[in-house]
Amino acid sequence: ARGDVPVDQEHAASAWACTSCYACRERCDHKNEVAATLNDARAEMFARGAAPEAAQRVAERFPEHQAALARAVEALEGERSPAPSSPVPAALLLGCGYARREPEAARDALRAAEALRGGPVRPLSICCGLPLLEAGDRAGFVAAATNFAAAVADAPELIAVDPGCARTVLVEYPRVGVTVRRPELFVDLAARALDRLQPLPELGPLRYHDPCQLGRGLGRYDEPRAILGKIAGRSE
């Protein structure tokens, strides 16, 4: 910002040395938002043409990423029975990783969301823009966020399965001035229906690791454990 170092890829690289796990914020006595600051640095360096080549490729290939997501969601929709004309389905933000690389988990999320909600859901075929945010393409991220907000404007509800996508909409959209329907986390939807969940038979030992985006990112620690305890039929 002061012009003390050259604007080049070597000096810019440290801004991308972050996975947004928020561990540094938790260790800081003042809870400084280091990841957000580094994302701002990425955006500045990206705009000045000093982003790493890999980050530039992410931005350049985002249209391909979006098209692949749309195809994956179309395939998921093709496996389902036609949705009833009413009521209007809730919008379900699966997350690109689930839709493209874990279709079985995506199918489970669709079925579970409809059962928990008691009504139809529609998986979204549009990306929230998180890859662009992490790449440093701030202008591209704002455009993607604006498109996403328009895509869910008429949905009666928005349910987010992927914690990273949920945090993007809840936290990062307001930082760039994009207003969107507030999503409900899938884990919150399940936690609210805890009394309807049934224990699963023959579950062995369970180990649960808090996803950084869900725990440190969104403060959800108790809800996943309550759900696991209920379906496992035990509290420990």
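Me: Is Cys18 buried, partly exposed or exposed?
Reply: The model is a predicted one, in which local features need pLDDT of at least 70, side-chain atom pairs count only at pLDDT 80 or more, and totals for chains, interfaces and linings use all residues. Residues are numbered from 1 along each chain as its sequence is written, and side-chain values use heavy atoms, with hydrogens and water left out. Buried means under 20% relative accessible area and exposed over 50%, with partly exposed in between (1.4 Å probe, protein chains only). Cys18 has a relative accessible area of 21%, so Cys18 is partly exposed.

Me: How many disulfides does the structure hold?
Reply: A disulfide is a pair of cysteine sulfur atoms within 2.5 Å. For Cys18, the nearest cysteine sulfur belongs to Cys24 and is 6.1 Å away, and Cys18 is in no disulfide. Cys128 is in no disulfide either, with the nearest cysteine sulfur, that of Cys165, 4.0 Å away. For the structure, the number of disulfides is zero.

Me: Is Cys128 buried or exposed?
Reply: The value to look at is the relative accessibility of Cys128, which is 2%. Because buried means under 20%, Cys128 counts as buried.

Me: Which residues have the most contacts inside the largest nonpolar core?
Reply: A nonpolar core is a set of buried Ala, Val, Leu, Ile, Met, Phe, Trp, Tyr and Cys residues joined through side-chain atoms within 4.5 Å. In soluble globular proteins, nonpolar side chains tend to be buried together. The largest such core here has 55 residues, and those with the most contacts inside it are Leu92, Leu93, Leu94, Leu124, Phe148 and Tyr173.

Me: Which residues does Tyr173 touch, not counting residues up to four places away in sequence?
Reply: Contact means heavy atoms within 4.5 Å. With residues up to four places away in sequence not counted, Tyr173 touches Cys128, Phe141, Ala144, Ala145, Phe148, Thr168, Val178 and Val180.

Me: How many residues are in the second, separate core?
Reply: Among the members of this core are Ala15, Trp16, Ala51 and Ala135. The number of residues in the second core is eight.

Me: Which helix gives the most to the lining of the largest pocket?
Reply: On a 1 Å grid over the protein atoms alone, a cavity is a set of points where a 1.4 Å probe fits but cannot get out, and a pocket is an open set with protein on both sides within 12 Å along at least five of seven lines; lining residues have an atom within 4 Å of a point. The largest pocket is lined by 24 residues, with Val161, Phe186, Val187, Ala190 and Ile227 nearest its centre. Helices (H or I, at least four residues) are DSSP runs, numbered from the N terminus, and those giving two or more residues to this lining are helix 7 (103–117), helix 10 (163–175), helix 11 (186–192) and helix 12 (222–232). With five residues, the one that gives the most is helix 7.

Me: What is the volume of the largest pocket?
Reply: Grid points are joined across faces, edges and corners, and a volume is the space filled by probe spheres set on the points. For the largest pocket this comes to about 680 Å³.

Me: How many residues in the lining of the largest pocket are nonpolar?
Reply: Ala, Val, Leu, Ile, Met, Phe, Trp, Tyr, Cys and Pro count as nonpolar, Asp, Glu, Lys and Arg as charged, and the others, Gly among them, as polar. The lining has one polar and two charged residues, and its number of nonpolar residues is 21.

Me: Is Leu110 buried or exposed?
Reply: Leu110 lies in helix 7. Leaving aside neighbours within four places in sequence, Leu110 is in contact with Leu76, Arg80, Leu92, Val121 and Pro123. At 3% relative accessibility, Leu110 counts as buried.

Me: How much space lies in the largest cavity?
Reply: There is one cavity of 30 Å³ or more. Its lining includes Leu69, Leu93, Leu94, Leu124 and Cys128, and the lining residues divide into 10 nonpolar, one polar and no charged. The space in the largest cavity is about 60 Å³.
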